[in-house]
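Work through the exercises below with the sequence and the model open beside you. Each task is followed by a solution in steps.

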Amino acid sequence: TPVAFGLFPALAASRVDLTIGLKEGSKGSGSLATSTGRRVLVVSQVAMAVLLISGAGLMLRSFASVQRLDLGLEPERVVTAEIILPADDYPDADQRRAFMEEAVSAVGAIPGVTTASAVLWLPLNHETIPRRVAPGELAGAPEDEWPMATVNHVYPGYFETMGISVLSGRDFSLLDGPDARAVVAVNRPLAERYWPGGEAVGQTLLVGGPENPLAAEVVAVVEPVNHVDLDPQNIGPQYYRPALQAPGRRFFVVGRTDAEPATLVAGVRTALGAVAPDLPLTIRPMDDVVAENRMQWSIGSVFLGVFGGGALLLATLGIYGLISFSVAQRERELGVRLALGASRSEIRRSVVVEGLRLTGVGVGIGLALALGAGQLVSSALYGIDGTDPVTLGGVLALFLSVSALASFVPAARASATNPIAVLRSE
């Protein structure tokens with residue numbers, strides 16, 4: 001870049017007319033093409049900076065919207081521990097069930113842990129298990145009348161530990177074991193779909209498909225949870241089964257604490273290590289799981305912000321440099337205008353307006369590019385669209401302010417021109 005852009009001034013300098021250049025008092029204001037080229041470069045700098053800053057603003061606004069999103073659960077103060085039981089050591093369901101009970105009890109006994117539970121598939125951990133469901137009266141109906149719902153298996157106390165509101169009914173208990181009646185908890189969208197305006201608790205939900213469905217009694221209705229990702233549009237029907245009725249080899253122990261979850265990592269590792277010393281564990285706060293899902297907005301904001309800030313700095317230097325150069329070239333003109341009665345405020349205003357005019361052209365081009373780019377990346381935004389007026393209006397105000405500040409120093413220098421000294425040099 002420096003070689004390419006340094007080549008043009010070098011070529012221009014090598015073609016200077018010595019006769020004109022050596023004339024007394026000649027300063028050489030440069031050709032019209034050179035002046036136009038400088039302006040084109042500055043306008044291009046401003047346009048690119050506007051495009052990048054607009055993108056950063058859109059990502060920042062999206063990130064702020066995601067931060068305010070109601071996930072249906074409260075991830076703060078929750079620590080998670082992923083456990084995978086070896087098939088050879090835990091071959092049957094009874095052994096897995098017994099280990100889960102012991103693991104939850106061990107974590108619940110850690111000082112600072114208020115509640116503990118377990119879940120087979122942790123929300124927002126990029127795991128989704130769909131199953132076909134239908135109300136009891138649709139038994140025998142064709143499969144296409146059985147919509148899909150997301151299923152999860154949870155240990156008693158899971159809803160309290162994760163901060164999921166139970167709207168009606170009861171939580172699972174230790175009595176909901178393998179020999180007890182099959183029960184389920186459904187989320188509000190599923191309850192409203194099958195039993196609108198009625199009472200879902202006590203109804204029968206068929207799960208698994210029409211060929212060999214499991215008939216389970218609905219014992220609770222809970223708030224919907226962002227399980228797949230952070231997009232509220234992806235929250236559909238969900239239901240929960242007791243983990244004691246269908247234990248898995250892989251599950252997560254979760255514990256809610258009054259302290260920072262990170263401070264419990266060692267305690268959780270020690271407690272679970274006492275249950276199974278050689279078991280590999282992955283322990284992390286639930287906030288980290290949520291942060292992974294916000295990463296596309298946070299990374300986009302940081303990268304576009306860094307590059308946009310660099311582009312803004314270059315554009316500011318470009319405006320300052322071009323206006324300073326223009327003032328130096330127009331020194332005689334400005335001196336003559338002052339000698340003929342122009343006020344210094346008028347001189348300052350004319351110089352600042354020149355900078356604003358250049359910036360206005362660049363901002364106009366940049367905003368047009370930003371509108372087009374915003375439409376292309378609208379699917380990656382959340383809570384706003386690619387033509388967000390707050391973001392684009394803020395970018396416009398930012399660049400007009402920067403342009404005025406970058407032009408102020410050359411404008412002050414221009415208004416300080418001594419007309420007598422300039423005329424004497426003539």
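**Exercise 1: a salt bridge**

Arg39 and Glu354 form a salt bridge, with 2.8 Å between their closest N and O atoms. The model is a predicted one, in which local features need pLDDT of at least 70 and side-chain atom pairs count only at pLDDT 80 or more, while totals for chains, interfaces and linings use all residues. Residues are numbered from 1 along each chain as its sequence is written, and side-chain values use heavy atoms, with hydrogens and water left out.

Task: determine which helices hold Arg39 and Glu354.

Solution. Arg39 belongs to helix α3 (residues 32-67) and Glu354 to helix α11 (residues 344-376), so the pair ties together parts that are 315 residues apart in sequence. The rule applied here asks for a side-chain nitrogen of Lys or Arg within 4 Å of a carboxyl oxygen of Asp or Glu, and by this rule the count comes to 11 salt bridges. Helices are DSSP runs (H or I, at least four residues), numbered from the N terminus.

**Exercise 2: the neighbours of α12**

Task: describe how α11 and α12 are oriented to each other, and then do likewise for α9 and α12.

Solution. First, the axes, which are lines fitted to C-alpha atoms over the stretch in contact, with angles from 0 to 180 degrees between N-to-C directions, come within 8 Å for α11 and α12 and cross at roughly 150°. That makes α11 roughly antiparallel to α12 (angles over 145 degrees). The contact, meaning heavy atoms within 4.5 Å, includes Val351, Leu356 and Leu367 of α11 and Leu396, Phe399 and Leu400 of α12.

Second, α9 (residues 295-329) packs against α12 (residues 389-415) at an angle of about 30°, with the axes 9 Å apart. The two helices α9 and α12 are therefore roughly parallel to each other (angles under 35 degrees). Among the residues that meet are Leu312, Ile319 and Ile323 in α9, and Leu398, Phe399 and Val402 in α12.

Notes: Angles under 35 degrees count as roughly parallel, over 145 as roughly antiparallel, 65 to 115 as roughly perpendicular and the rest as oblique.
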